[in-house]
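Me: I've got a fold here and want to go through it piece by piece. Can you walk me through it?

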Amino acid sequence: MLDYIGPVFRPPSEWKSLILQVTNGCSWNQCAFCDMYTQPQKRFRAFKADKIEADLQQVAASGRPVSRVFLADGDAMTLPFARLEAICELIHHYLPGVQRISSYCLPRNLSNKTPEQLQRLRELGLSLLYVGCESGDDEVLRRIGKGETYASSLAALEKMHSAGIKSSVMILTGLGGEALSRQHALASAALMNAAQPHYLSTLVVSLPLGKQRLDACYEGDFRLPSTRGLLDELALMLEQLELRQTIFRSDHASNYLALKGILGRDKARLLDELRQARDGLLPLRQEWQRGL
């Protein structure tokens, strides 16, 4: 019904949400592992208010009930506070039944927004931000061109939490390759322990267009850990996690083993399932089942 510039990506949990494209692409777009917005038509730009309003009018005229809205693309939170405030107000004007607004969020996008501004957006329904921290290790983050650090990620998470906005954090298993696997797992666990996110998801690094860009970051030869190595890395991170009430998911299509639980309540069970999988007692996804 809406005129999207594709491809459009959204978190798995937003499958019932209205995808409202308020930006196209990603303003950073320098992460060596990410091919999501590399096509020519995905060059970053922010959509004008009249286009966003026209989309909302069209959805409202359809009569379809909408309770959740996801602000696409990968960098909606880069918009200035005034633009985000106006968009949230338009959503509630045309779709008064909306109960939750969410978006992807790069940590840097909160550095120019005050706690009061974030609280205002929370009042308008922006209650969940998906943060691709990817790793807590500064060396891994530097190599992949993330443009973030342990400190900048933690500061952003603490800032949104203080405003009452929930966080859903993504960590990429395998991002350190074989060489940095251990420090990637340990530092990522340390970051999560400090931040205490509301949701935590792990995804396996997937490179559908090849690993040439990551090769350049790792002395010309990026080596993704074996399936056993990926399970070992995830187990190491889980062992180090000291989370109080974080909903944990490792059920994205990229993962070889689907895990679900609450940390720390289910930590022992999740580690046991990982051990069983490594011992061949639990089936792993086949490669064809991991299609993205």
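Me: Which loop holds Asp 73?
Reply: Bear in mind that this is a predicted model, with local features needing pLDDT of at least 70, side-chain atom pairs 80 or more, and totals for chains, interfaces and linings using all residues. Numbering runs from 1 along each chain as written, and side-chain values use heavy atoms, leaving out hydrogens and water. The peptide bond from Ala 72 to Asp 73 is cis, with omega near 5 degrees. Going by DSSP runs numbered from the N terminus (helices are H or I, at least four residues; strands are E, at least two), Asp 73 sits in the loop between strand E4 (68-72) and H2.

Me: Where does Gly 264 lie?
Reply: There's a cis peptide bond here as well, running from Leu 263 to Gly 264. Its omega is near 10 degrees. As for the place of Gly 264, look in the loop between strand E10 (260-263) and helix H9 (267-278).

Me: What is the phi of Glu 134?
Reply: You'll find Glu 134 in strand E6. Glu 134 isn't glycine, yet its phi is positive. The value is near 70 degrees.

Me: Is H1 roughly parallel or roughly antiparallel to H2?
Reply: The axes of helix H1 (residues 49-62) and helix H2 (residues 81-94) come within 10 Å and cross at roughly 20 degrees. Since angles under 35 degrees count as roughly parallel and those over 145 as roughly antiparallel, that crossing makes H1, relative to H2, roughly parallel.

Me: Which residues of H2 does H1 meet?
Reply: Contact means heavy atoms within 4.5 Å. From the H1 side come Ala 49, Ile 52, Glu 53, Leu 56, Gln 57 and Ala 60. Their partners in H2 are Arg 83, Ile 87, Leu 90, Ile 91 and Tyr 94.

Me: How many charged residues are in that contact of H1 with H2?
Reply: Of the residues where H1 meets H2, eight are nonpolar and one is polar. Here Ala, Val, Leu, Ile, Met, Phe, Trp, Tyr, Cys and Pro count as nonpolar, Asp, Glu, Lys and Arg as charged, and the others, Gly among them, as polar. The charged count is two.

Me: Which element gives the most to the lining of the largest cavity?
Reply: The structure holds three cavities of 30 Å³ or more, and the largest has a volume of about 60 Å³. Its lining includes Thr 173, Val 204, Leu 230, Asn 255 and Tyr 256, and by class it has six nonpolar, three polar and no charged residues. The top contributor, with three residues, is helix H8 (residues 227-240).

Me: Which strand gives the most to the lining of the largest pocket?
Reply: That pocket holds about 1500 Å³ of space, and of its 50 lining residues, Met 36, Tyr 104, Met 170, Leu 203 and His 252 lie nearest its centre. The lining divides into 28 nonpolar, 14 polar and eight charged residues. With six residues, the one giving the most is E8.

Me: How much space lies in the second largest pocket?
Reply: By class, its lining has seven nonpolar, three polar and three charged residues. On a 1 Å grid over the protein atoms alone, a 1.4 Å probe fits in a cavity but cannot get out, while a pocket is an open set with protein on both sides within 12 Å along at least five of seven lines; lining residues have an atom within 4 Å of a point. The space in the second largest pocket is about 210 Å³.

Notes: Axes fitted to C-alpha atoms, helices over the stretch in contact; angles between N-to-C directions. Parallel < 35°, antiparallel > 145°, perpendicular 65-115°, else oblique. Points joined across faces, edges and corners; volume = space filled by probe spheres on them.
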